[in-house]
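Please have the viewer open as you read.

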Amino acid sequence: MSGRFSEQAMTEAMRDVAASLGFPSEDAQLLRLTNNAVFALPTSGIVIRIARTHRLRDRVAKVVRLGRWFADIDAPTIRLAPGVEQPVEVGTLAASVWGYLPGGSPTPTVEDLGHVLREFHSLGLPPFPLPTWDPVADARKRLADADGLDGSDRDFLMQWCDRLEPQIDALNQRTQQGLIHGDAHVSNLLREPSDRVVMCDFDATCVGPRQVDLAGVAVGEQRFGGTGAQDALAATYGQDVTSDPLWPLLREARELKMIVAAAPLLATSAEVSAEFDERLRSIREGSHGKRWKPFAGLATPGSSSPR
């Protein structure tokens with residue numbers, strides 16, 4: 001399928017970015033084609049991430065600023081590519097450029113995620129403002145940029161947003177707020193040559209309840225099948241989010257994110273569109289145990305987000 005954010009359009013944008021920076025792109029490898037189009041250029045030692053929706057391009061400036069701060073404090077995170085003026089504008093799109101880390105062995109585990117999250121949550125807040133956790137606002141932005149979204153589905157999702165919004169506002173007001181990754185799962189971990197495990201993908205990083213970073217694994221296990229990951233994360237991090245009074249609302253907010261993440265991509269993949277329909281049907285029917293398929297494997301082989 002074609003569209004403004006198709007693989008072809010993103011590949012052309014990546015080549016424009018690489019050329020503007022003086023990097024060859026002949027060896028470019030598509031890593032992800034979901035919320036962002038992510039390309040590795042191994043010879044040049046960089047990764048180019050292009051936001052695939054105009055409505056969320058402001059996030060690129062945020063992640064660049066975070067990347068600089070993370071380097072200053074030696075946070076357990078990947079690093080921006082040195083010597084590159086960022087963000088990089090690509091027509092109406094925006095990109096960030098990061099250092100390339102080849103897949104390390106052993107592959108990071110959910111136990112690694114627990115350890116990294118504890119360190120990440122202890123960093124404190126950066127010396128610049130970050131947005132407050134607001135999954136409803138993010139969902140509305142994605143829906144506004146959605147090609148091929150059925151009108152009744154759009155209405156249902158907007159009504160879902162309207163219902164959740166005051167509940168999220170109240171939650172933020174009554175809970176302790178701190179730095180959160182916003183999309184914490186094992187696929188957003190990488191292993192450095194030094195064996196240090198670090199986090200990547202800071203699009204959703206913000207200030208909010210730290211339980212948000214524990215909910216992703218729990219909801220993923222419920223929707224994609226039980227693997228013991230939730231118990232392992234709870235044991236390593238020291239908190240079981242499914243026993244938290246906030247859990248029902250955190251689960252619903254995560255499920256909203258996991259559905260609308262694909263909204264801007266519906267015109268680019270028939271497989272993603274079909275899974276989107278299945279997920280939405282399970283929400284309409286109140287089927288919390290309905291198994292989902294990861295969007296990433298449907299969007300392009302080897303991709304890993306959104307789920």
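## A pair within helix H9

Glutamate 275 and arginine 279 both sit in helix H9, which spans residues 270-284. Because they are 4 residues apart in that helix, about one helical turn separates them. Their side chains meet in a salt bridge, with an N to O distance of 3.0 Å. Both partners are tucked away: glutamate 275 is buried, and arginine 279 is buried too. Bear in mind throughout that this is a predicted model.

## Salt bridges in the whole structure

How many salt bridges does a search of the whole structure find? The search finds 18 salt bridges.

Elsewhere, salt bridges with shared partners join Arg32, Arg49, Asp201 and Asp203 into one network.

The side chain of aspartate 112 forms a salt bridge with that of arginine 191, at 3.4 Å from N to O. This pair connects distant parts of the chain: aspartate 112 belongs to helix H3 (residues 110-121), arginine 191 belongs to strand S7 (residues 189-191), and the two are 79 residues apart.

With a relative accessible area of 35%, glutamate 119 is partly exposed. Arginine 196, at 24% relative accessibility, counts as partly exposed as well.

## Helix H4 against helix H8

Now for the helix packing. Helix H4 (residues 135-144) packs with helix H8 (residues 247-260) at an angle of about 15°, and their axes are 10 Å apart. That angle is why H4 counts as roughly parallel to H8, the cut-off being under 35 degrees. The crossing of H4 past H8 is left-handed.

Which residues meet where H4 faces H8? From H4 come Pro135, Ala139, Arg142 and Leu143, and they meet Ala253, Leu256 and Val260 in H8. By type, the residues of this contact divide into 6 nonpolar, no polar and 1 charged.

Terms used: Residues are numbered from 1 along each chain as its sequence is written. This is a predicted model: local features need pLDDT of at least 70, side-chain atom pairs count only at pLDDT 80 or more; totals for chains, interfaces and linings use all residues. Side-chain values use heavy atoms; hydrogens and water are left out. A salt bridge is a side-chain nitrogen of Lys or Arg within 4 Å of a carboxyl oxygen of Asp or Glu. Buried means under 20% relative accessible area, exposed over 50%, partly exposed in between (1.4 Å probe, protein chains only). Axes are lines fitted to C-alpha atoms, for helices over the stretch in contact, and angles run from 0 to 180 degrees between N-to-C directions. Angles under 35 degrees count as roughly parallel, over 145 as roughly antiparallel, 65 to 115 as roughly perpendicular and the rest as oblique. A crossing is left-handed if the near helix is turned anticlockwise from the far one by less than a right angle, and right-handed if clockwise. Contact means heavy atoms within 4.5 Å. Ala, Val, Leu, Ile, Met, Phe, Trp, Tyr, Cys and Pro count as nonpolar, Asp, Glu, Lys and Arg as charged, and the others, Gly among them, as polar.
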